[in-house]
Amino acid sequence: MREVSTDILILGSGGAGLFAALHAHKAQLRADPPLSITVAVKGLLGKCGCTRMVQGGYNVALAKEDSIERHFMDTIEGGKWLPDQDLAWKLVTLAVERIRELENELGCFFDRNPDGTVHQKAFAGQTFDRTVHKGDLTGIEIINRLAEQVWARKINRLEEFRAVELVKDKRNSAIAGVLFIDMRTGEYVFVRAKAVLLATGGGPTMYKYHTPSGDKSCDGLAMALRAGLSLRDMEMVQFHPTGLLAGTHTRMTGTVLEEGLRGSGGYLLNGAKERFMPRYDPKAERATRDFVSRAMFAEMNKGNTSPNGGLYISMGHLDREMVRKQFKGMVERCADCGFDLAGGLVEVVPTAHYMMGGVEFAADCSTELPGLYVAGEDAGGVHGANRLGGNGVANSTVFGAVAGDAMAEWVRTVGSFSEIDSSVVEAAISRCDKPFHSKPLPHGSLEPVRERLYEVMWQKVGIIRDATGLRAALSELDLLESELNVTGVADANRAFNLSWHDWLNLKSLVQTSRVIAEAALARTDSRGAHFREDFPDSGPLEQSAYTSLHNTDSGLNMTLKPVAFTRVRPGATLLKDAV
Ligand SMILES: Cc1cc2nc3c(=O)[nH]c(=O)nc-3n(C[C@H](O)[C@H](O)[C@H](O)COP(=O)(O)OP(=O)(O)OC[C@H]3O[C@@H](n4cnc5c(N)ncnc54)[C@H](O)[C@@H]3O)c2cc1C
C-alpha cells in the first residue's frame, strides 16, 4: 500500500479545515525544521462541503451597542441551557478575532453600511442584529478567499481522497494516521501523521429532505465512533423550515430558502392557501426554526399539503422590488426550478440542516485520543439543543483556527510518528471491500436502501418523535445495516466507482443514524430541536444533562452527563443592564 507521511493531517476543507491549515502554517513558521501540513478532502478543495453554501452569514458582536456577553446569552438560551458554556464563550469571543482576520488578512469583502461600518443583519433567536454577510451568498466569499490563501502556501493537498478509518498506534494510546481511498484510482493509501484534525462537517444527509452538500455523509462521526470516541447531543438535529420542494427529479429539493424570507414578512400557507402559523405560535412565521418546523410538520400530517406534499411560502404581499433586491440568490434559485419567489407561491418543506451533536472535545479542540483533534460541525457541545443561524460558520472558523494552533504546538512538543497495528488497517480494508465480495442488488442500485433510510429517519427520528417510533426505527436500521452488508456493487473497477462510494456513504449514515435514534430514545424530555410527543416538557433546566454515547463490544453505551454551568446558571444572565 502507498504510504505518505505528514506532521499535521487535516480531514476536510470547509471553514474548519482551511482555517486549521492556515493557522497551523502560521504557527509552524517558528518551527525548525518546518512542519509539513496536509489537507485531505473527499471533494475538490474550495468546491465542496457546506461552508461554501452559507447564505445568511456569520454571527459576531461587533457593534458598540452589542456585546460578547449578549451574543453568549443568546447562544446559551437558544441552546436551551445544554451548550458547554466554556466552548460557547470561546465561540463568541474568538468570532471577533476571526471576522477581522477574514477581512483584514484573508481578503473577504462583507457588505457595509454607508458610514463604512460592517453591515449586520437580523437573524432569528438573537436579541441584536449581528449577522455579518455578503448578500445572501456569504459562504462563497469566505471559502474562495480561504482556498486562495491555502493554495498560495506550502500546504500539501490530497483531493478526492476519502478518509475511511482513524488508525491508532500499536499501544492503542494515540492517533498514528488515517486510512484513505484515493477516489481517482480506487487504491488504498495510508497517511501517517503526528496530529490529525477531524473536520469532515457532520451533515444530516440521512433524512428524506436535507440541505448539506452531497459529499457529506457523517464519515467523520462514524470513524470517531469506531475509534471509541464519545459523541454528545446526537439527538439534536436541526430542521430548517423552508427547504425548496421542487419534485423528486431534482437535487434542488431540500435546499434552503433562507430564514430572512420569514424574517422580512413572508407567510407560510397550507395546501388550501391559508396562513396557519398564527394558530401555532404568537410569533407566527418569526418563531424559531424548531417551532416553525414542528408546526409545519403537524400541518402536513393533517393532510393540508401542496401538490408535492409540502406547504407554500408566499412573499407576494410584500414589495416585489425589495424581495428581488434583498434576496437575489433565492429569487434566482427559485426561478431555476420554475417558481416566482417575488410574486407567486413557492413549495417548501422542513429540511434537515445541521447536527448540533458531535465528538466530545476540550476547549483546545483535543479529544480523548491523544493527537486527534476535532473542529466544526463534527464537534459537539458548542450549540446544545439548538444552533442559532449564523453561529455555524462562526463555530467552524473559530475552532478550526484553535485546532490549527493547538496541533502545531502538539507536534512541536509531544507528537511523534508511531508504529501502527496493521491488523486494524487490514480489518478496515476488508470492511470497505465488502461490496466487491457480495452479489449486487438485482436492480443494480442502492437507491431502494437509501429511500428506506430517508423514510425511516424522516418519519420516526425526525421533527416529532416518540418511544414507539424510535424503537421501530432502530429495528429498521438494524435491518438496513444487515442488508447493506450483503449488498454488492455491480462494477468491479475501483477508479471513481461512485456506487462503491455510495455504499460507503450509506454505511456511515446508517451507523450515525443509530446513534441519533438511541440518543433520542434516551432523552425523555423535549428541548430545542428534540421534541418527544410522549415527553413534551423540557424538564428542570437546573438539572440539564446531555447524552453521551460511545461504542463498546456489546453495542452503544449511553450516559447522561450533567451540564456544568461554569459561567451562568439558568434564570441568571451576564447582561449588566438586564432587569
Ligand atoms: C445551505 C446551507 C446554508 C447554511 N447557511 C449558514 C449560515 O448562513 N450561517 C451559518 O452560520 N451557517 C450556515 N450553514 C451551516 C454551515 O455551513 C456549517 O455549519 C459549517 O460551514 C460547517 O463547516 P465545517 O468546516 O465543519 O464543514 P464543511 O464546510 O461542510 O466541510 C466539510 C469538509 O469535509 C470533507 N469530507 C467529508 N467527508 C470526508 C471524508 N470521509 N474524507 C475526507 N474529507 C471529507 C468535505 O468534502 C468538506 O470538504 C449552512 C449550511 C447549509 C447546508
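Predicted model: local features only at pLDDT ≥ 70, side-chain atom pairs only at ≥ 80, totals over all residues.

Colleague: What's the volume of the largest cavity?
Modeller: About 80 Å³.

Colleague: And which residues line the largest cavity?
Modeller: Its lining is Arg162, Ala163, Val164, Asp219, Met223, Arg226, Arg431, Leu504, Lys507 and Ser508.

Colleague: Which elements supply at least two residues each there?
Modeller: Strand 7 (161–168), helix 5 (219–226) and helix 15 (498–522) do, for the largest cavity.

Colleague: How does the lining of the largest cavity split by class?
Modeller: You get 5 charged residues, 4 nonpolar and 1 polar.

Colleague: Let's switch to the second largest cavity. What volume does it have?
Modeller: The second largest cavity comes to about 60 Å³.

Colleague: Which residues line the second largest cavity?
Modeller: Val237, Gln238, Phe239, Arg289, Asp290, Ser293, Arg294, Asn386, Ile463, Gly528 and Ala529. Strand 11 (237–244) and helix 8 (289–301) are the elements giving two or more residues to that lining.

Colleague: Which element has the largest share of it?
Modeller: Helix 8, with 4 residues in the lining of the second largest cavity.

Colleague: And by class, what's in the lining of the second largest cavity?
Modeller: That lining has 4 nonpolar and 4 polar residues, plus 3 charged ones.

Methods: Residues numbered from 1 in each chain as written. Heavy atoms only, no water. 1 Å grid on protein atoms, 1.4 Å probe; cavity = no way out; pocket = protein on both sides within 12 Å on 5 of 7 lines; lining within 4 Å. Points joined across faces, edges and corners; volume = space filled by probe spheres on them. Nonpolar A, V, L, I, M, F, W, Y, C, P; charged D, E, K, R; others polar.
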